[in-house]
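Open the model in your viewer and keep the selection panel at hand. Each stop below says what to select and what is there.

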Amino acid sequence: MAVCVAVIAKENYPLYIRSAPTENELKFHYMVHTSLDVVDEKISAMGKALVDQRELYLGLLYPTEDYKVYGYVTNSKVKFVMVVDSSNTALRDNEIRSMFRKLHNSYTDVMCNPFYNPGDRIQSRAFDSTVTSMMIQVC
Amino acid sequence: MDAPEAPLPPVIYTMENKPIVTCAGDQNLFTSIYPTLSQQLPREPMEWRRSYGRAPKMIHLESNFVQFKEELLPKDGNKALLTFPFLHIYWTECCDTEVYKATVKDDLTKWQNVLKAHSSVDWLIVVVENDAKKKNKTNILPRTSIVDKIRNDFCNKQSDRCVVLSDPLKDSSRTQESWNAFLTKLRTSLLMSFTKNLGKFEDDMRTLREKRTEPGWSFCDYFMVQEELAFVFEMLQQFEDALVQYDELDALFSQYVVNFGAGDGANWLTFFCQPVKSWNGLILRKPIDMEKRELIQRQEATLLDLRSYLFSRQCTLLLFLQRPWEVAQRALELLHGCVQELKLLEVSVPPGALDCWVFLSCLEVLQRIEGCCDRAQIDSNIAHTVGLWSYATEKLKSLGYLCGLVSEKGPNSEDLNRIVDLLAGLGAERPETANTAQSPYKKLKEALSSVEAFEKHYLDLSHAAIEMHTSIGRLRSAKFVGKDLAEFYMRKKSPQKAEVYLQGALKNYLAEGWALPITHTRKQLAECQKHLGQTENYLQTSSLLASDHHLTEDERKHFCREILSFASRQTDSPGQKIVLPLHCFAQLRDLHFTPSNAVVHVGGVLSVEITLCSQMPMPVHVEQVAINVHFSIEKNNYRKTAEWLTKHKTSNGTINFPTETSPLPVPQNNLPALELYEMFERSPSDNSLNTTGIICKNVHMLLRRQESSTSLETSSGVALEDGAHVLKCSGVTLEPGANRITFRTQAREPGTYTLRQLCASVGPVRFVLPHLYPPVQYDVYSQEPQLRVEPLADSLLAGIPQKVKFTVTTGHYTVKNGDSLQLSNAEAMLILCHAENRAVIYSNTRAPVTGGESSVLGMTESHGKHKDTQKAGQCMATTDHKVSIDCPWSIYSTVIALTFSVPFRTTHSLLSAGTRKYIQVCVQNLSELDFELSDGHLVDPDSNADLRLVPLNAKSPQHIHSKQSVFFVWELKWTREPPPSLRCRFSVGSSPASGGRLSIPLKPYTYEFRVENFFTLYNVRAEILPPSGTEHCRTGSLCSLEVSITRLSDLLEVDKDEALTESDEYFSTKLMYEVVDNSSNWAVCGKSSGVISMPVAARATHRVHMEVMPLFAGYLPLPDVRLFKYLPHHSAHSSQLDADSWIESDGLSVDKHVDEQPDGGGGGRCRGSAHLASGGEHRGLPMPRLQALPPGQVFNASVGTQVLVIPSKDDHVLEVSVT
């Protein structure tokens, strides 16, 4: 489903980033990094209006020719970015939303781990497998 | 009136289209009314209620009035809505029945039949009435009849289908009224027609859509049908509804494409899959692109044609709706979508064709938007358009790369062919943009024409995109476009231009810790720097890359070799140093001192072992590793003592350095942790807590300004320190991973050495760690010699020889043969030396401390100097003596104070027996030692010849034990009148009782004092006589107390005071007597005190008689009789007394002073307590004062006398008090 999943810290450094076609990892890194511009924009726009509604899903950040980049931000300003292949038209907003929710749950589990130091790179195997399950569904 | 001649070809400009209304009947009449009608019709809006629950709308109606023709009526199956006549009106002016019957009726019938034939039910008959005509023809029927007739004839059940319009060209209220009624009718009819006909049309359309699964169904046909509906909505200015139609078409088509991708292909879709031959971009300047529309109609459109047409329509409608930003957003989606769809449908597209199409389309959309918005609007909505800009930039870039326009040499023949092909696909420029200089078509054509033109256009676009991204805060996107630009510059071999962009991007990635982009950008930067010949920067970047784990082993080795080859190449040119930060080359992990407390004495050997973790992928030979050391002489001398150093150093000696988490050092998190310490400040005097707080020890690290440019990439921040103190280690080969390096040094100068910089040299390359943090230091100490002098016993006593211990701690000083200590002492203290002087040298194994002990006898005389503290009952008075010692290691003398305690306390008292006087001296031994006292003398230093002191003492020597006293008594005899005061000096020799024989005479212990007013002036005698007739006193019965006060001398010096009064050479003084019985044995009845005037003459006697009653039986002591001097009030004197002194004296009372008298031996003290205040109740009033007489002046002759008191006989209870 997703070709790249990234968790980005409040300070905008990656906590976790994985992409499915590994040979093009760099491109996804650039893409996710660039998408932070839009995330920032959306968060600051949302800052006043949507803060009470607790809408964490940011929607489509920006489309490119080949990929669609979606964003999600937790209350602690940790960002989830998901890159989806544009040709995968079967994916609707709702599916993306639920994927993000799943990701968020898994992330929360990581944070609950007393041995995890918030701000460190995520190396949890459970989280990894959640991400894997999101990526595998594509084929 | 000017109706379109034929429906084909329909020249459709929807804005000009209006719903068609046909006019039949009297054309001249209509022509005359038409201007008013067309003007009045749209004036008022009408509510249009819609089917299918759609919200009602207010709409302004307009119509296109055409002459009725049968051809206008749609035939069955004709779906054209635009040319559909929504309403048919028959106009007549007829007011004559004859005429009506003759012509109009026939005409109407014919008209009605035609309509019926085409099943058109939307018609209206308008009868225009004209007053002018009526006047001409007087024989006319009442006007209603014609209308009635028409209604009868044609509107059998719909009488409202016939409307009367009265005097339409006049300006009267009636005319107005009639017009309003007519217009309302007309609008209502029109709307009804719309609702009916559009509803029917929509139903048909839906039916058609439902058939889409049938084999023969054609999307293009359906497209035309639904578009017809869109046109009508647009015609009615219902753009929203019109847009919905197109969006539905769009969605339908997209769904087909998606389904096709999923294998569910529709036949008609294969047509859209024909190879792309034309890529001339979107055309948005015309409301309707008829060319493309025809292609669709003829089912010859390609996918791009269809999409282009669809979008152009959506764009037009969105612009009508004032939503230009949605156009931009949809455009981007469309372009991305088209590219995807072509891919999905596997349409063959020549390389670059899509890029051209996208590029042209982007610019076309942007120009279209710019055309309908002002500058300010555009500037504030950059966020919407910037995507198109960067997309266009991207596409132009890929075109450039494709066509060899970016290479250094320019396009080759193959590239040129490709360019020609691409240009061919563009076709000719559209006429509507032909005159525009900056049209997308011209731009593209120009950009593809030459390398230079391409560069110009590409740079323009890139800069515009970067600027826009930056202006809306999308810095990351701006950097990303910048990186593309850098790549372009690198291709064009102008690395100096590329560097800025690469540095900018790298800084951004570093700041946010994105490892892969960092590595990639660094690689590009390395290449750039290599081209630029920035050796230092290149080497630094190389070292960073060589240690980068995101690169492959080979790449890392490559960069490592770059450094090494540079280092080996440059060895011949000495002096040139390249300074690079160490952390990318190797990391300092830990440091270990031997000895582990990092403290060595001068001359000792210290070794420092460090662990360096090499980041290089291969072994690197390092010529020298050096640690720069900063030397400082510690101000605080104590810190250098071995004692302190051993106490305060961490014992294990290993210092760990925080490892930089190699992949992602995020600057924000890289701040050191707070180092907080508790702080207590106590007052030096009583050790109480003054302040307490928390101190942050690394404030300088935390609060320093965050460098806006991280110094990671700039070597300027690293300065090579040149210090005199360097620890070196040569010829080390650093293997990848941990390496241990040991430095050895011999400590020379004492002080604190702080390790500052670590530097590894590879040829001319210096890898420098500019600061070691946490700070590491070692200490070299050298102890100053010290001298201490201590008594052997607990304390020193004055007056006797004692031993003192001298301790010399030599420290760094070496004791030489013949070294001596010279003592300079005060005179009062003698230093007694033994014949043989010995010094023992003890050597301390741990520290070179030598202790010497020399036995010195010290003694001090204590006379005169001691302060006899009043309060110290048992404390010995002390006296200090300073000894100045000259030591061989110092040019300054050491002054040491020795404290001696005086072992004796001496007091004296004056005793009287009538007029005979005795002086008693009491010597009290306070020390722990026993002494022998000898030769007790009391002399008058003034050598008054009239005075003699007769000793009444035992033979000396006398033994005085510890904590005991010895008394000495002398009788004072005089021949003439004695002086008012007498100075005395008491001296006694003392020596320790167990001291044995002493070689030297010791100075005697002396005590000086003064006796004043010792001469007895008054004799007081008291006597208690039993009541007359009884032998003894009885309890409860009054006895008489006889007090006789006798003056013993004539006028003396001491009498001359205020109390003395003189009259006729006859002197008298006022005295007050008081009888007090403190033991409550007696009750004094009546006056117990009184003032008497005493003549100042020898043997003058004053008697006082008083009644007293004994309260107890037994031998009772007599009550005390006290005498005071009665001083008259003296105004001058009292005025001197201020309030304070009154208050001070308040606590004193007569009684109190009298109490003190018996033990107050010292004459000197008696004078000090001279003044007495009267009672507190007299305060503030001028009252006489009382002054106690000094004890020596009054002799109480009856002191100690007792009187026998017999208990009363009739008492049943016998109380006997025995004293």
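The tour starts with confidence, moves to the contact between the chains, and ends inside each chain.

**Before you select anything**

This is a predicted model, in which local features need pLDDT of at least 70 and side-chain atom pairs count only at pLDDT 80 or more, while totals for chains, interfaces and linings use all residues. Residues are numbered from 1 along each chain as its sequence is written, chains are lettered from A and ligands numbered from 1 in the order in which they are written, and side-chain values use heavy atoms, with hydrogens and water left out.

**Stop 1: colour by confidence**

Colour both chains by pLDDT, the predictor's confidence in each residue, from 0 to 100. Chain A averages 85, and 90% of its residues score at least 70. Chain B averages 76, with 81% of the residues at 70 or above. For the complex, the predictor gives an ipTM of 0.92 and a pTM of 0.63.

Now select residues 1–14 of chain B. Their pLDDT stays under 50, and the model has 21 contacts for them beyond four places in sequence; a contact means heavy atoms within 4.5 Å. Next, take residues 662–669 of chain B: pLDDT is below 50 here too, with 13 contacts beyond near neighbours in sequence. Where pLDDT is low, the predicted coordinates should not be read in detail.

**Stop 2: where chain A meets chain B**

Show both sides of the interface. Here 27 residues of chain A are in contact with 30 residues of chain B. About 2500 Å² is buried between the chains, and carbon and sulfur atoms give 58% of that area. Buried area is the accessible area (1.4 Å probe) that two parts lose on being put together, summed over both. In chain A, pick Y30(A), H33(A) and E65(A). These lose the most area to chain B, together 30% of what that side buries.

How many salt bridges are there between chain A and chain B? The count is 5, where a salt bridge is a side-chain nitrogen of Lys or Arg within 4 Å of a carboxyl oxygen of Asp or Glu. Select D37(A) and R476(B) to see a salt bridge at 3.2 Å, N to O.

Now highlight α1 (25–49) and β2 (14–19) of chain A; each supplies at least two residues of the side that touches chain B. Helices (H or I, at least four residues) and strands (E, at least two) are DSSP runs, numbered from the N terminus. The largest share of that side, 12 residues, comes from α1(A). Among the elements of chain A, α1(A) also has the lowest mean pLDDT, 85.

**Stop 3: a bridge inside chain B**

Select E455(B) and K492(B). They form a salt bridge, with the closest N and O atoms 3.6 Å apart. E455(B) lies in helix α17 (residues 451–471) and K492(B) in the loop between α18 (475–491) and α19 (495–512) of chain B, so the pair ties together parts that are 37 residues apart in sequence.

**Stop 4**

Most residues other than glycine have a negative phi, and most peptide bonds are trans. Go to N12(A), which is not a glycine but has a positive phi of about 75°. N12(A) sits in the loop between β1 (2–8) and β2 of chain A. Then jump to T594(B) and P595(B): the peptide bond from T594(B) to P595(B) is cis, with omega near 0°. P595(B) is in the loop between β9 (586–594) and β10 (599–601) of chain B.
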